[in-house]
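Please keep the viewer open as you go through the points.

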2 protein chains.
Amino acid sequence: MSQQKNDFQLMDEQQLSVELISAQYEIKNTRGQNNAKSLVILVNGIELAGKGEAVKQLREWVDPRYLKVKADPPIVLDRQHPFWQPYARFIPAEGQILVLFGSWYSDLLSTAMHASNPIDDSLYDEYIERMRAYEQDLKNNHVDVIKIWFDLPWKALQKRLDEIEPSDMHWHKLHGLDWRSKKQYETIQQLRQRFTDDWLIVDGEDENERNQKFAQHILNALKDCPKHSTKAVGRWKQAKIPKTLLEPSNETLDKDEYKARLKKLTQKVAHALRTDPRCVVIVFEGMDAAGKGGAIKRIVKKLDPREYEIHTIAAPEQYELRRPYLWRFWSKLNTEDICIFDRTWYGRVLVERIEGFATPVEWRRAYDEINRFERDLTENQTVVIKFWLAISKDEQEARFKARENTAHKRFKITEDDWRNRERWDDYLKAAADMFERTNTENAPWHVIATDDKYSARIAVLEAILKQLKAN
Amino acid sequence: MSQQKNDFQLMDEQQLSVELISAQYEIKNTRGQNNAKSLVILVNGIELAGKGEAVKQLREWVDPRYLKVKADPPIVLDRQHPFWQPYARFIPAEGQILVLFGSWYSDLLSTAMHASNPIDDSLYDEYIERMRAYEQDLKNNHVDVIKIWFDLPWKALQKRLDEIEPSDMHWHKLHGLDWRSKKQYETIQQLRQRFTDDWLIVDGEDENERNQKFAQHILNALKDCPKHSTKAVGRWKQAKIPKTLLEPSNETLDKDEYKARLKKLTQKVAHALRTDPRCVVIVFEGMDAAGKGGAIKRIVKKLDPREYEIHTIAAPEQYELRRPYLWRFWSKLNTEDICIFDRTWYGRVLVERIEGFATPVEWRRAYDEINRFERDLTENQTVVIKFWLAISKDEQEARFKARENTAHKRFKITEDDWRNRERWDDYLKAAADMFERTNTENAPWHVIATDDKYSARIAVLEAILKQLKAN
């Protein structure tokens, strides 16, 4: 998919600028529409090939107010966090354009060049594969990604190094790389060739052509705002609803027994969560009134309030809707070592599917996106513990009524809750599909029957210990 | 204003919990209403007095999903950033509750105790005054702040230090303080007494009473959601509209002359901005089509795109409206050493005043709030350069029409622009009041006549050099 057309032609600069600005305003105006998108421009390349200059020129041609630029030194990929994490919160909203000087690819290159602890070939290729999958997920979620490599032959680089003014060195931080070493130059070229198939390669030797090629490539990307398909292809194979959802039954637990076991378990869970060297993400889904709040309260009972964070997920805000639906979770993941989610990213395949907030194409695709997202977490020092609290329809009704009749619980019940209840069967179907498709080995679901609150809470605590291998 | 009532009584725990949860839901439901507020709880005190335990108990009594807790080690107040900056972005939205373990007060105490470079008495007191002013500004903007000091007599502290379990030490990081030193204990007590007049002092000796006092205090704060007054008191003294606004006239500049001067000035400005050790914040306000975009383009012309950030300010989003109006600017200030704002916090006293988005009480109060905000910046290594681009009404009309008739500029003009134009005189009045009240010595306004674009751009660049004392 090379974009190196031989028919490249310089444009009149004034004309190029006018077209770029028009395209900027047009993309801004697609916000909220079906053909809306944002654009991320990954810029990388050989030192002194002129990527800084090309972006500078671009920013003179465009309306600079609507082109963000971010530049950070590379971060070593050490399996402590997903490669996208340092960048995820900067992913722009629909209508916006972002140039990233440092990106997951510079991190990868830098890690591979790391003298003391380089990564091996297969891991390197695995990273490339993951990065491409991530970019594809971004694209599907209205974030277009284009990648541009600024190249420079060895001799030209050496000449530029000879001529560089000391005052300019500021912008040529070498990040531990020695651009005078031919061996290293060749290594970088070999390494980058393993991922630059789908990049635009810009030769940095001719300044004018370089800047124009770069800008024209962006112009083409900006102009290309296709509508997103909403109709799903093929029939949907509905999973069978498991018995644990249809008839959630749990043993009732005697109050004294409950209290005794709870006391021990809360201690053990606090200790296990606190001492686990990994981050722990605990995820709660389930029908309204299934007891999510109560379960969370018991998990944190013996923890210090400074040790954990609870994220209560409501409907997304307008500014969140203009970004990939996982975006609002990315930024909530590293707040504490112990993060508890009261409702989650699974909203995509539950409420958003059922209420039509996500199109069939979107929610059908979401299972794989979520699996990739969770895999990126679990492969990077994070445990993901997922709970579905399964309540029976009768017990839910009883709890709703109790809430309505208790002064201090009346706030906990709204019209929405009764409305959701009418779609009970739809939720069961959606949950069944969710289990079938996202019950992965690295992040399995725990379905907990909750008609008896006591035994449900005990079961949640035991499941945490089990998954942490601390029981 | 001591809240140490002698008539303190323990409540039934169940009852206390029920009331806290009800109050939480009630405050959540005030969102967007005139009596809406959020609550920030500053927690500080003598080590081992039990602030962690009290918050833990509180979180058991409340619905923990709607009570955020943040704890960070103290930061030395070194005049490199305003004291509120590390905390500002966490200021909660209406309906939310936040417990801050570390706050500006712990930073102040820690700075004062700093062995190598303590701050003197007058600076210490000045900080306290500024902090109280900041808290008052928060309160006026729907963020209630309550402050609780957990106290412990010297002997009781020593006893607890003797008894502490090594495994608990985790939560008693001493931040360089030696709680075995009586002298230091006394110094801390003296220092904190200079700011704890308006704090609730909780004695940490009796655990049960401590936790209840703390929780009841919060309960009272939650229940107290008075309506915000919207009617301003007293007549508004309208400032006289200066001639520079009524008849903005500038010399026309010949194109060749312009180009020659521009070339030199853009170099000088880039150099001055780059080498200034302070952060530079450049602020643009003015009527539509006055040339803000063009001026910004020339400022950044010789800068590398990685050196600066341009913030284009549009109408606030829903989630921003639920916080103090300065909140969305706080988080945009430290993005780069050079920050340019295309429209700013002055929207409060311009468009929000004119369109009625801010009540008279709010916009009248905003001048002082803004002055305090800018002073906090300028006293902490930040230069604030403020421009009003003054265009004549005729020239604006000419530019609007030109925009409508030029294909690539049509995006730059909307119905809103014509509508705002109808309120021309209101904007002039609001601008006049703004100059009179916010043209401070530390952050003066530069009014630039812009009917001639060339000389306007030159004037902007020269004003930057002048204020940076780099000309």
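Two residues count as being in contact when their C-beta atoms, placed from the backbone, lie within 7 Å. With that in hand, 100% of the interface residues of chain B are also interface residues in chain A, so the copies meet through the same surface. This is a predicted model, in which local features need pLDDT of at least 70 and side-chain atom pairs count only at pLDDT 80 or more, while totals for chains, interfaces and linings use all residues. Residues are numbered from 1 along each chain as its sequence is written, and chains are lettered from A, with ligands numbered from 1, in the order in which they are written.

**How the copies meet**
- The contact draws 33 residues from chain B and 33 residues from chain A.
- On the chain B side, at least two residues each come from helix H1 (13-28), helix H2 (51-61), helix H11 (292-299), strand S7 (308-312) and helix H12 (318-321); helices (H or I, at least four residues) and strands (E, at least two) are DSSP runs, numbered from the N terminus.
- H2(B) gives the most to this side, with five residues.
- By class, the side of chain B that touches chain A has 16 nonpolar, six polar and 11 charged residues; Ala, Val, Leu, Ile, Met, Phe, Trp, Tyr, Cys and Pro count as nonpolar, Asp, Glu, Lys and Arg as charged, and the others, Gly among them, as polar.

**Symmetry**
- Chain B superposes on chain A by a rotation of 180 degrees with 0.0 Å of shift along its axis (RMSD 0.0 Å), by least squares on the C-alpha atoms of residues with pLDDT of at least 70 in both.
- That is the relation of a two-fold axis.
- Among the residues of chain B, B:Gln318 comes closest to the rotation axis, at 3.8 Å (C-alpha).

**Domains of chain A**
- Chain A is divided into domain 1 (13-223) and domain 2 (243-467), with bounds from an automatic or database domain assignment.
- The contact between them takes 16 residues from domain 1 of chain A and 15 residues from domain 2 of chain A.
- Helix H5 (residues 121-140) of chain A supplies the largest share of the domain 1 side, four residues.

**Chain A overall**
- Chain A has 19 helices and 10 strands.
- Its C-alpha atoms fill a box of roughly 80 × 50 × 40 Å, taken along the principal axes.
- In chain A, residues 24 or more positions apart account for 84% of the contacts with a separation of 6 or more.
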